[in-house]
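Here is a brisk report on one protein model. Read it with the sequence and the 3D view open.

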Amino acid sequence: MLELLRKYRTPLLAGCLILAALLLYSAQLRQRETTNVFERTVLGLTAPVQGGMDILADGVAGVWNRFLGIFGNSPEVLRLSAENRRLRSELVQLTEVRLENERLSRLLAFREETESQAVPARVIAEDASSWFRTVLIDRGRQDGVHEGMPVVVAEGVVGRVIKSAASESKVLLATDGSSAIAGLVQRTRARGICRGQGNLLSFDFAMHWEEIEEGDLIVTSGAGGVFPKGLTVGTVSRVSPGGFGLFRSVEVTPAVDFYRLEEVLVLLKERR
C-alpha cells in the first residue's frame with residue numbers, strides 16, 4: 001500500500017488539490033444565486049476530473065471490499081481465528097492454575113510451620129455492605145470449623161470465625177470495627193489491642209512511655225485465647241507524638257491484603 005502511494009503520489013496530490021478547490025468552490029456557490037463566466041469556466045474544466053476521482057474512489061473501495069471478502073472470511077482465516085481464541089483461553093486458565101498453585105504452596109509451607117492443625121478453605125463470598133467486613137468460606141462444622149477459630153494466611157492474621165454452618169462459615173476480618181486482637185510490638189514487647197479501623201488498624205492501650213516507632217512489627221501476643229502467639233498482624237505506619245495522655249495513638253497497616261483473599265487457613269483447636 002505504501003509503495004502504491006509513493007508511485008502515484010504526484011497524481012494523488014494533484015487530485016487532492018483539485019478536490020479541495022472544488023469543495024471551496026461548492027461552498028461559495030451556496031452563498032450565490034448567480035454564476036458568473038469565470039465560475040462556469042472552472043466548473044466545466046473540473047467536472048470531468050471530479051467525475052474521474054469518484055470513479056477511482058469507487059474502484060479502490062470495491063477492490064478493498066473484495067479483498068476482505070475473499071481473505072477475511074476464508075475457511076483458513078476463520079479456523080486460525082478460532083484456534084487463536086482457544087489458545088488464549090487456555091493460556092488464561094493455565095495462568096490461573098499457576099497462581100493458585102503458588103498461593104497454595106505458601107499456605108502449605110505456613111501450615112507446616114505452625115503447630116496447630118489447620119484446614120484450608122476458599123473464600124467464596126464477601127460482604128458487599130460497608131457496615132461489616134466479613135467473608136464467607138467453604139468450610140463448616142463438618143470440617144471441624146466452629147465459632148471463635150482463628151483464620152490466617154501466610155502473610156498474617158485474617159480474622160476469626162463468627163458463624164459456622166454445615167459446610168460454610170462466616171469470618172470477621174481483623175479490619176472490622178468490632179474486631180479486637182491482643183498484640184505486642186515485636187521489637188520492644190509493648191502490649192496493646194489491635195482494633196479494626198476500615199482499611200487500617202489501631203494499636204490501642206499502648207502506654208505513652210512505651211517505645212514504638214514506624215516500621216515496628218505487630219504480632220499476636222497470645223492473650224485472649226483466640227490467636228496463637230507470634231502471628232503477624234501488621235506494621236506500625238504512624239505514631240502520634242508523646243503527650244500528657246496515658247496511652248499513645250498508633251496506626252497499623254495490616255500485613256494481609258484483604259481485597260485479594262482467595263485461600264485461607266482455619267486453625268483448628270479443641271472446643272471448650
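## Overview

The protein has 4 helices and 14 strands. Helices (H or I, at least four residues) and strands (E, at least two) are DSSP runs, numbered from the N terminus. This is a predicted model: local features need pLDDT of at least 70, side-chain atom pairs count only at pLDDT 80 or more, and totals for chains, interfaces and linings use all residues. Residues are numbered from 1 along each chain as its sequence is written, and side-chain values use heavy atoms, with hydrogens and water left out.

Of the 272 residues of the protein, 29% are buried. Buried means under 20% relative accessible area, exposed means over 50%, and partly exposed lies in between (1.4 Å probe, protein chains only). Take the contacts between residues at least 6 apart in sequence: 55% of them join residues at least 24 apart. A contact means heavy atoms within 4.5 Å.

## The barrel

Six strands form a closed barrel. Its order is β6-β7-β8-β13-β11-β10, and the pairing is antiparallel. From one strand to the next, the twist averages 40°. For such angles, axes are lines fitted to C-alpha atoms, for helices over the stretch in contact, and angles run from 0 to 180 degrees between N-to-C directions. Two strands count as paired if DSSP finds at least two bridges between them. Strands of a sheet pair through backbone hydrogen bonds, either parallel or antiparallel.

Now the individual pairs. β8 (residues 200-204) and β13 (residues 250-254) are antiparallel and share 2 bridges. Here S202 sits opposite E251 of β13. β11 and β13 also run antiparallel, joined by 5 bridges. T235 faces T253 in β13. T235 of β11 is also the bridge partner of L217. Strand β10 (residues 217-220) pairs with β11 in the antiparallel sense over 3 bridges.

## The cavity

How many cavities of 30 Å³ or more does the structure hold? There is 1. The largest cavity has a volume of about 30 Å³. On a 1 Å grid over the protein atoms alone, a cavity is a set of points where a 1.4 Å probe fits but cannot get out; lining residues have an atom within 4 Å of a point. Grid points are joined across faces, edges and corners, and a volume is the space filled by probe spheres set on the points.

The lining of the largest cavity consists of G159, R160, L172, A174, S179, A180, I181 and F227. β4 (156-164) and β6 (180-185) are the elements that give two or more residues to it. By type, the lining residues are 5 nonpolar, 2 polar and 1 charged. Ala, Val, Leu, Ile, Met, Phe, Trp, Tyr, Cys and Pro count as nonpolar, Asp, Glu, Lys and Arg as charged, and the others, Gly among them, as polar.

T134 lies in strand β2 (residues 134-137). T134 is buried, at 8% relative accessible area. Beyond its neighbours within four places in sequence, T134 contacts E126, D127, I162, K170, V171, L172 and L173. L172 also lines the largest cavity.

E263 belongs to strand β14 (residues 263-267). E263 is buried, with a relative accessible area of 8%. Leaving aside neighbours within four places in sequence, the contacts of E263 are E100, R103, L104, L107, A121, R122 and V153. V152 is 111 residues from E263 in sequence, yet the two are 9.4 Å apart in space, C-alpha to C-alpha. S240 sits in the loop between β11 (232-239) and β12 (247-248). S240 is buried, with a relative accessible area of 17%. Not counting residues up to four places away in sequence, S240 touches R248 and S249.

Key: On a 1 Å grid over the protein atoms alone, a cavity is a set of points where a 1.4 Å probe fits but cannot get out, and a pocket is an open set with protein on both sides within 12 Å along at least five of seven lines; lining residues have an atom within 4 Å of a point.
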